[in-house]
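Here is a short briefing on one protein chain. Look at the sequence and the fold before reading the points below.

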Amino acid sequence: MKLLQVGYGNVVVASRVVAVLGPAAAPIRRLRTDARERGKLVDATEGRKTRSVIITDSDHIILSAIHAETISIRLSGPSSEHEAQA
């Protein structure tokens, strides 16, 4: 199982990630509000500015202080050091 680091010691199971988005668009802000009302919002920013929004297949919305581009690189990278050496 590959874990995706989303910042400050927080991880998400990579296979559950559906999308990694920037937080600025109005539809994304509505997703955050709806998720908060349904109890499906996970704030992993540790009090810092939200720089990406991660959507999972379980309909959870995860807020991260790491840029969306950085998370997408981590998501597409090798799952272990062994694979990186191969």
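The model is predicted. Four strands make up an open sheet with mixed pairing, in the order β3-β5-β6-β4. The largest nonpolar core has ten residues. The count of salt bridges comes to two.

**Sheet**

- The edges of the sheet are β3 (17-21) and β4 (41-43), and each of these strands pairs on one side only.
- On average, neighbouring strands of the sheet are turned by 20° against each other, direction ignored.
- Helix α2 (residues 68-76) packs on the sheet and touches β3, β5 and β6. The direction of α2 makes about 150° with that of β3.
- Strands β5 (residues 52-56) and β6 (residues 61-64) are antiparallel and share four bridges. In this pairing, Ile55 stands opposite Ile61 of β6.
- Strands β5 and β6 form a hairpin, with four residues between them. In the turn, Asp59 has a positive phi of about 70°.
- Strands β4 and β6 run parallel and are joined by three bridges. Here Leu41 stands opposite Ile61 in β6.

**Faces of β6**

- In a regular strand, side chains alternate between the two faces of the sheet.
- Ile61 and Leu63 point one way from β6, while Ile62 and Ser64 point the other way. All of these residues are buried.

**Nonpolar cores**

- The largest core is made of Leu4, Val6, Val12, Ala14, Val17, Ala44, Ile54, Ile62, Ile66 and Ile71.
- A second, separate core has seven residues, among them Ile28, Ile55, Ile61 and Leu63.

**Ser64**

- Where does Ser64 sit? Its place is in strand β6.
- Ser64 has a relative accessible area of 0%, so it counts as buried; the cut-off is under 20%.
- A polar atom of the Ser64 side chain lies 3.1 Å from the backbone nitrogen of Ile66.
- Not counting residues up to four places away in sequence, Ser64 touches Val6, Thr45, Lys49, Thr50, Arg51, Ser52, Ile54 and Ile71.

**Salt bridge Asp57–Arg16**

- Asp57 and Arg16 form a salt bridge, with their closest N and O atoms 2.6 Å apart.
- Asp57 lies in the loop between β5 and β6, and Arg16 in the loop between β2 (10-13) and β3, so the pair ties together parts that are 41 residues apart in sequence.
- Asp57 counts as partly exposed, at 47% relative accessibility. Arg16 is also partly exposed, with a relative accessible area of 38%.

**Salt bridge Asp59–Arg38**

- The side chains of Asp59 and Arg38 meet in a salt bridge, at 2.5 Å from N to O.
- This pair links distant parts of the chain, 21 residues apart. Asp59 is in the loop between β5 and β6, and Arg38 is in helix α1 (residues 26-38).
- Asp59 is partly exposed, with a relative accessible area of 37%. Arg38 is partly exposed at 43%.

Technical notes: Residues are numbered from 1 along each chain as its sequence is written. This is a predicted model: local features need pLDDT of at least 70, side-chain atom pairs count only at pLDDT 80 or more; totals for chains, interfaces and linings use all residues. Side-chain values use heavy atoms; hydrogens and water are left out. A nonpolar core is a set of buried Ala, Val, Leu, Ile, Met, Phe, Trp, Tyr and Cys residues joined through side-chain atoms within 4.5 Å. Buried means under 20% relative accessible area, exposed over 50%, partly exposed in between (1.4 Å probe, protein chains only). Two strands pair if DSSP finds at least two bridges between them. Helices (H or I, at least four residues) and strands (E, at least two) are DSSP runs, numbered from the N terminus. Axes are lines fitted to C-alpha atoms, for helices over the stretch in contact, and angles run from 0 to 180 degrees between N-to-C directions. Contact means heavy atoms within 4.5 Å. A polar contact is a pair of N or O atoms within 3.5 Å; within protein, one must be able to donate a hydrogen and the other to accept it, and residues adjacent in sequence count only if both atoms are side-chain atoms. A salt bridge is a side-chain nitrogen of Lys or Arg within 4 Å of a carboxyl oxygen of Asp or Glu.
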